[in-house]
Amino acid sequence: LGNGGSTLHVLQCLEEQYGDQWASFTVLLIHSGGYSQRLPHASALGKIFTALPLGDPVFQMLELKLAMYIDFPRHMKPGVLITCSDDIELYSTGVTETITFDKPGFTALAHPSDLVVGTTHGVFVLDPSSFSGKGELEYVSCYRFLHKPDVETMQQSGAVCVRGDCPQLSSSGNCGGSGMASECVYTDSVFYIDHSTAKQLLTFYKQMGTLCCEIDAYGDFLQALGPGATPDYTKNTSNVSKEDSGLVEVRQQLYSLLQGTGLNVIVLNNSQFYHIGTTQEYLFHFTAESKLRFELDLQPVAFSIFPDAAKALDQLCIMQSILEPGCVIGPGSVIEYSRIGSEVSVGKGSIVSGSYINFNVDIPSNSFLSSVSVKINDGVEYVTMVFRVGNDLKKSVKLLSDIHSLQFFGTSLPECLDLWSVEASDQLFSSGGTRLGLWTARIFPVCSTLSESVRMSLNMLNSVQQKSAFKLSGFQLLSVEEMLTYKDVEDMMKFRKQIYDEICLQRQKEKSDF
């Protein structure tokens with residue numbers, strides 16, 4: 001459905017459940033994270049439940065969202081506030097200024113960003129007559145919305161503003177901040193739809209019957225708005241993850257429906273937008289000297305049992321995990337919901353999630369390791385996905401003869417398959433031979449215990465790094481796509497709860513000893 005389709009579906013659920021009552025509701029609608037292919041340890045449970053190195057016990061992204069938007073409902077007419085699960089908006093407004101969502105149509109928050117950030121976000125072309133660029137908060141009307149435009153398009157369409165000084169643009173969108181004039185654009189984050197516009201969208205959804213394509217709530221809704229909107233975007237499918245028949249037609253219908261609807265923009269001049277939707281961004285914001293880490297006071301160790309000897313390392317992020325004395329965690333690594341034994345060494349810049357490692361092993365730098373409980377027949381079994389941080393799980397090819405272009409830990413996939421004694425065929429991929437990629441490759445062994453699944457996947461990785469054989473024949477193999485089909489959320493939560501209980505017990509013991 002895409003996040004746009006899921007938005008429409010939620011509106012229908014609200015109406016079915018509450019009838020006319022929902023006309024008086026202020027609704028917070030959070031897209032919980034889709035496939036999360038760029039942050040795959042969040043795929044099974046949803047990005048909105050990503051743990052944060054904050055709070056005791058740890059907060060999740062959901063709590064942070066609720067805290068950030070806590071003031072909004074008081075200044076909001078009935079309608080729906082729509083947000084992603086992997087972004088954080090921090091802003092400052094004057095004492096007397098409030099963010100108010102009370103206008104008909106759409107209202108969006110806008111943040112100053114450098115032009116490079118604009119190429120991967122939505123960009124507002126603001127009406128110059130209503131916009132001064134001064135003060136911390138301004139209500140502006142928007143002439144046109146651009147979705148992931150290139151720099152040339154931003155310049156030609158009048159989206160680029162020159163600011164005297166923008167100190168709030170930092171590492172994630174640096175405008176210099178050195179007192180010199182610099183160019184910036186205003187990018188999107190959260191947006192609000194008033195109730196009558198939401199009702200219009202719902203009527204459209206009902207008339208459509210079954211949706212047969214992915215709709216993007218940002219690109220496909222917002223590009224239709226403002227007096228400068230044109231239908232050209234409806235034919236551009238370059239940003240679409242899965243191109244379906246009917247997408248262009250649905251976009252054109254949405255354009256006709258929404259054309260002429262107002263797009264109001266609340267410009268937050270003193271604000272910062274952070275995205276943590278990729279493994280690289282996640283590692284940077286949680287372990288490096290990022291501005292976000294400083295602003296939220298993110299901790300190196302949150303709600304964990306951690307040997308004192310290792311506490312000196314600041315460039316770490318350990319969340320709800322139990323680490324035994326003797327283990328070594330390299331700088332710039334994140335460990336969450338895991339048990340790490342005394343003979344384990346984790347290289348730098350790695351992510352370990354939901355794993356139990358109780359054997360002697362050196363995990364190489366830049367490794368990504370995430371375990372998933374699965375229920376295929378009746379019993380619970382375990383699979384651990386292992387990649388290099390930054391391996392492209394979205395990339396796919398159509399032909400078997402092209403799979404050499406797929407890289408697993410810097411080695412071409414066919415070379416890896418040879419080492420594992422796995423035959424390259426259409427049956428190797430769970431997508432029925434259409435999208436051949438790391439996401440759909442059936443290469444991860446199913447095991448009866450969690451620690452065994454980690455061990456087997458690390459053996460695979462070791463065989464690729466050492467160029468030595470490790471036979472996978474005899475194992476049932478799953479792709480990441482299939483792990484999500486068979487996931488057993490209850491069992492994954494049970495493992496987290498065991499860790500939680502053990503940490504609480506240890507805390508009580510420490511208190512009584514003290």
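Which helix and which strands each supply at least two residues of the lining of the second largest pocket? I began my notebook with that one.

**Entry 1: ground rules.** I am looking at a predicted model, where local features need pLDDT of at least 70, side-chain atom pairs count only at pLDDT 80 or more, and totals for chains, interfaces and linings use all residues. Residues are numbered from 1 along each chain as its sequence is written, and side-chain values use heavy atoms, with hydrogens and water left out.

**Entry 2: the pocket.** I found the suppliers: strand 21 (367-375), strand 22 (380-388) and helix 13 (489-513). Helix 13 gives the largest share, six residues. (Helices are DSSP runs of H or I, at least four residues, and strands are runs of E, at least two, numbered from the N terminus.) The second largest pocket holds about 270 Å³ of space. Of its 24 lining residues, Gly354, Ser373, Asp491, Met492 and Phe495 are the closest to its centre. (On a 1 Å grid over the protein atoms alone, a pocket is an open set of points where a 1.4 Å probe fits, with protein on both sides within 12 Å along at least five of seven lines; lining residues have an atom within 4 Å of a point. The volume is the space filled by probe spheres set on the points, which are joined across faces, edges and corners.)

**Entry 3: the domains.** I looked up the division of the chain: domain 1 (3-163 + 182-275) and domain 2 (374-513), with bounds from an automatic or database domain assignment. Their C-alpha centres lie 34 Å apart. Each domain gives the pocket lining at least three residues.
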